[in-house]
Amino acid sequence: MMLCIKNGLLHTAVKREAFVSDILIENGKIIEIKESISVPEGTTVIDAKGLLVYPGFVEAHCHTGLDGYGIGFEGQDYNEYNDPITPQLRAVDGINPMDPTFDKARKAGVTCVATGPGSSNPIGGMFVALKTYGKRVDSMIVKFPVAMKCAFGENPKRCYREKGNCSRMTTASSIREALMKARLYKQSLERAGDDATKLPAYDQKSEALIPVLEKKIPLKAHAHQANDIFTAIRIAKEFDLDLTLEHVTEGHLIVEELANEPYPVAVGPTLTHASKFELQNKSFTTPGLLAKAGCQVSIITDAPVIPQEYLPICAGLAVKAGMDEFDALQAITINPAKHIGVADRLGSLEVGKDADIVITDGSPFSIDSNVKYVIIDGNILEQQ
């Protein structure tokens, strides 16, 4: 199947200046971007003259499909409250693709999300990157796993205070203990080699953490306060791990320190009430200040904390608070794609990438604009 978008104003997310051009799509991939493309016979054509064309928006951190829409405990599968250390849990085993939040996100132009366990547990399990269209998780996956969730701050303290975890020190020590056990387990496996008689007893938790130790996936660290951010960094350096920083509510208070670290940051949710002590310093200035300092910044909704369809509006509010508009676009496209390790396929309008495209009649940062088309893998899924 071929599709051509003609005469649109392209915002590629990699070139600062927008430009009018055509996009040719075949078999779900962008195969050509040129000012004027001769359309092969049988090609579906969208005339985007006067419209704005963007890469599909990407959410780097949410719980979509695991926290059911409009229902109570029966639809909530994003936190495990029986064991604080659960690296073996896999988001793909709990996600409900029929959850209405996928439709709501897609209709707003959010075409890919990284979704996974919540933040009750010091170590919570594995995140997955999904397209926002499909009936079966297996066919929606872009990459799995993309990260191992861990959490610092108030949530593990609150959720496990009756089960032996009521301080930040205990949370950090629990994460260290699990990582050290996994390191020793991995060393035992390596020593055993092909000799089955020397293999250690199977340890599902340690097995799940081996990809983290091997830097195949990062720790995905829930951290709001500055001290929690630094604890996450401290542990990552102790074990020589890759790390992404999630929420980063007090990032604007430690801009210089974060600018000198190599870790990507995902900022949000900000369009909320400060519902707990560690959120008291939240501000829409945070993503702009961090981006200006040179950090790789993504903006997140943490859906369902903020409805995922408001991801572009959150970027718009960051612009209103001083963020450069191009930085804000990158914060909901190419940067989250990098953050979750799928930038080879998503996050920008470039030849060879998945044809996940959003066409609007105005800036998506404005409440006055409308999404006219949403295209995923070259298929027109929403049309207004």
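In this predicted model, the largest pocket has a volume of about 400 Å³. Its lining is formed by 25 residues, of which S119, N155, K276, D302 and V305 lie closest to the pocket centre. Helix 3, spanning residues 154-160, supplies the largest share of this lining, with 3 residues. By class, the lining of the largest pocket comprises 13 polar, 7 nonpolar and 5 charged residues.

The lining of the second largest pocket divides into 7 nonpolar, 7 polar and 4 charged residues.

Helix packing was examined next. Two packed helices are described by the angle between their axes and the distance between the axes. Helix 4 (residues 168-192) takes part in a contact with helix 5 and in another with helix 6.

For helix 4 and helix 5, the latter covering residues 204-213, the axes come within 9 Å and cross at roughly 90°. Helix 4 is therefore roughly perpendicular to helix 5, because angles of 65 to 115 degrees count as such. On the side of helix 4, the contact is made by A178, L179, K181, A182, R183, Y185, K186 and L189, and on the side of helix 5 by S206, E207, L209, I210 and L213. Nonpolar residues number 8 in the contact of helix 4 with helix 5, alongside 4 charged residues and 1 polar residue.

The axes of helix 4 and helix 6 (residues 226-238) come within 11 Å, with a crossing angle of roughly 20°. These two helices are therefore roughly parallel to each other, since the limit for that description is an angle under 35 degrees. The crossing of helix 4 and helix 6 is right-handed. Helix 4 contributes R168, A172, I175, R176, L179 and R183 to this contact, while helix 6 contributes N227, D228, T231, R234, I235 and E238. The contact of helix 4 with helix 6 contains 6 charged, 4 nonpolar and 2 polar residues.

Terms used:
Residues numbered from 1 in each chain as written. Predicted model: local features only at pLDDT ≥ 70, side-chain atom pairs only at ≥ 80, totals over all residues. Heavy atoms only, no water. Axes fitted to C-alpha atoms, helices over the stretch in contact; angles between N-to-C directions. Helix = DSSP H or I, 4+ residues; strand = E, 2+ residues; numbered from the N terminus. Parallel < 35°, antiparallel > 145°, perpendicular 65-115°, else oblique. Left-handed = near helix turned anticlockwise from the far one by under 90°. Contact = heavy atoms within 4.5 Å. Nonpolar A, V, L, I, M, F, W, Y, C, P; charged D, E, K, R; others polar. 1 Å grid on protein atoms, 1.4 Å probe; cavity = no way out; pocket = protein on both sides within 12 Å on 5 of 7 lines; lining within 4 Å. Points joined across faces, edges and corners; volume = space filled by probe spheres on them.
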